[in-house]
Amino acid sequence: MIRTICMLASFSLAFIGVASAQGSDDCATPMVLPGVGAYPFDLTATTTSPQFGSSALCTVSNQMTRDAFFVFTAPTTGKYQFKTCGGSLLNTAVAAYSGSDCSATCLEFDDNACGQNARVNFDTTAGGTYLLQVGLFYAASSPGTGTCDLAALPPPPVNNTCATATPIVGPGSYFYNRTYATSSDFMAPNQAGCSTPSFRQTYRDCFFQWTATADGDYTISNCGTGSLSTINVLEGNGCNAVCSVTSVDAGCSPQGDVLSLNGVLAGTPYLIQIGDQSAHSAVSAVASLVITSNPYLQGDDCSDPKTIVGLGPFPFDSSFAQSDSFFGGDAMCAGPQPVGTPTKDLFFKWIAPWTGVYRPTHPGTWTKINVYLGADCNATCLASQTHQNSTTPGPSFSAVAGQAYLFQMGSRDEFGAAYQSDFEVEVLSLAPTAAGVEFTCRPASEHGQGGVATLETSSLSGPGGSGLRLRCTDGPSGEFGFYLMSASAAGHLPIENGVLCLDAPFARYNGQLAGAMGIPALNSLGRFDATGAMQLLAGPQAGGTDFDVPEVIPGGFPGQQFLPGDVRYFQCWYRDPVLGGGVSNLSDAARVTFP
């Protein structure tokens with residue numbers, strides 16, 4: 001290819017024919033370009049063309065002003081590039097049209113592919129005429145002169161169509177180059193009958209025909225591509241692939257996409273389409289398609305929710321979550337589009353510790369939460385809330401102690417964004433309870449001998465003192481423990497091998513505080529026997545399994561006693577040395593309302 005370099009000051013006679021071209025101010029009489037090469041343009045005296053400010057594809061909202069026109073006849077069928085990159089200090093925009101005058105049809109527009117300069121790639125047919133436009137980007141830009149360049153481009157990649165998709169198998173990294181790709185205009189057929197019709201149109205695309213080698217969940221990404229791309233995944237072979245399984249145009253930085261494909265069966269074919277988001281971006285796209293196999297993700301389906309205990313915080317990570325269409329058969333949880341049911345959602349099974357009104361918090365911005373009565377796919381919708389801003393609360397709902405509830409959390413966007421954060425369950429109000437013992441923070445963590453310590457045989461039938469009799473069973477044989485008490489239990493703090501549900505300050509029923517206060521009955525130190533029951537080693541009840549809690553409260557509650565109507569929380573702390581783990585653990589918690 002011979003490239004003619006045009007000087008803006010003085011030219012040799014050999015270049016006069018090309019260098020004299022400065023562009024026409026009227027699209028009806030564009031200046032003819034004899035072929036590929038570099039050509040000067042002069043925008044110092046040109047005006048803005050009123051007919052070229054309304055095309056949605058080329059110039060949006062009069063983005064191009066003081067423009068000049070050229071016309072070019074393509075000698076061959078292929079792809080050409082028209083640009084001002086490196087040829088001007090002006091803030092320019094360029095466009096290409098099919099046709100030779102003001103009735104030409106827009107093909108491509110760009111205003112920033114190379115900094116303040118612009119570049120478009122467009123398809124040609126041998127003998128076809130093409131109108132080329134160069135101008136200032138917005139009216140505020142200063143006029144001046146520069147050089148535009150017209151060049152023939154290499155042919156598009158082999159996998160530029162759905163019929164010529166590159167075959168790939170299993171996990172791996174697969175290189176692609178869309179720099180000279182054309183827009184295939186492929187659109188997935190029969191989307192109306194698909195369960196997740198999320199197909200997005202792409203431009204300058206390429207295709208892979210992927211076959212999974214094993215059952216499981218997969219991640220598909222092109223992170224770091226450097227362009228605003230879109231990935232569509234469809235089930236089937238080639239141009240006959242139907243039902244967009246998933247689609248995404250965001251997810252990782254630098255620019256690129258990441259999506260999850262769950263429940264894949266070995267041998268199932270998938271068509272993967274990668275392209276630009278926008279029809280008028282002219283960017284290079286040399287990157288790799290990366291397919292990885294994901295570990296099983298509990299909570300990704302309503303049939304297998306992740307169990308959570310207490311009030312949190314609970315970790316939330318939907319990076320590998322698949323969108324589920326579950327909404328409990330109720331319009332409230334289905335919600336209006338475009339929000340609808342949460343996408344890239346996770347399910348959590350939560351058992352209410354007490355009867356009252358609760359509210360789960362949003363794990364991120366632009367999320368949606370549904371709350372259901374039940375713990376599986378048969379659950380019914382109770383409440384729903386879509387996140388609008390930083391002050392939007394989660395959905396509030398009434399719960400009954402011991403009843404299981406299902407939380408569905410995910411993106412409010414129909415195409416799904418992933419979130420990595422925490423959420424909590426807030427207590428809005430608790431129903432008044434009669435005197436008695438309730439249990440929460442269950443199940444407690446398993447100890448090193450395989451059991452789960454519990455206070456479930458505790459009661460308010462004890463003689464004297466406060467009337468509360470604590471009993472810890474199913475603990476690790478031979479290990480020591482004692483009881484804790486607090487005025488609230490909103491926490492869920494992992495400590496060593498267990499979870500502390502009590503909030504500070506704590507009262508510790510141990511020998512140190514009992515001695516400091518001169519009240520031996522406050523010492524609950526015990527040791528688990530062969531049956532897992534904690535036998536008391538000190539105080540009036542030494543040798544027995546029942547700790548009768550005195551009226552006086554030790555530790556951080558000096559001079560206080562249990563009064564009628566008081567609500568207090570108790571847990572048993574005990575030693576639990578585990579190879580490779582911690583050395584302590586905790587039982588479940590008892591919520592006691594004193595008579």
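Gly 37 stands opposite Leu 150 in S9. This is a predicted model, where local features need pLDDT of at least 70, side-chain atom pairs count only at pLDDT 80 or more, and totals for chains, interfaces and linings use all residues. Residues are numbered from 1 along each chain as its sequence is written, and side-chain values use heavy atoms, without hydrogens and water.

Strands here are DSSP runs (E, at least two residues), numbered from the N terminus. Two strands pair if DSSP finds at least two bridges between them.

| Strand pair | Sense | Bridges |
|---|---|---|
| S2 (residues 37-42) and S9 (residues 145-152) | antiparallel | six bridges |
| S22 (residues 356-360) and S28 | antiparallel | five bridges |

Strand S2 is mostly covered: five of its six residues are buried (under 20% relative accessible area, with a 1.4 Å probe and protein chains only).

S22 belongs to an open sheet of three strands, in the order S25-S22-S28, with antiparallel pairing. S25 (397-399) and S28 (425-430) are the edge strands, and each pairs on one side only. Neighbouring strands of this sheet are turned by 35° against each other on average, direction ignored. The angle is taken between axes, which are lines fitted to C-alpha atoms. Arg 359 has Glu 426 in S28 as its bridge partner.

Now the surface. Phe 480, Leu 525 and Leu 537 make a nonpolar patch of about 230 Å². Patch residues have over 30% relative accessible area and no salt bridge, and nonpolar side chains are joined within 5 Å. A salt bridge is a side-chain nitrogen of Lys or Arg within 4 Å of a carboxyl oxygen of Asp or Glu. Leu 537 sits in the loop between strand S36 (534-536) and strand S37 (547-548).

Note on methods:
Helix = DSSP H or I, 4+ residues; strand = E, 2+ residues; numbered from the N terminus. Axes fitted to C-alpha atoms, helices over the stretch in contact; angles between N-to-C directions. Patch = residues over 30% accessible without salt bridge, like charges linked within 9 Å, V, L, I, M, F, W, Y side chains within 5 Å. Areas by Shrake-Rupley, 256 points an atom, 1.4 Å probe, with all protein chains shown as cover. Buried < 20%, exposed > 50% of the residue type's maximum accessible area, 1.4 Å probe, protein only.
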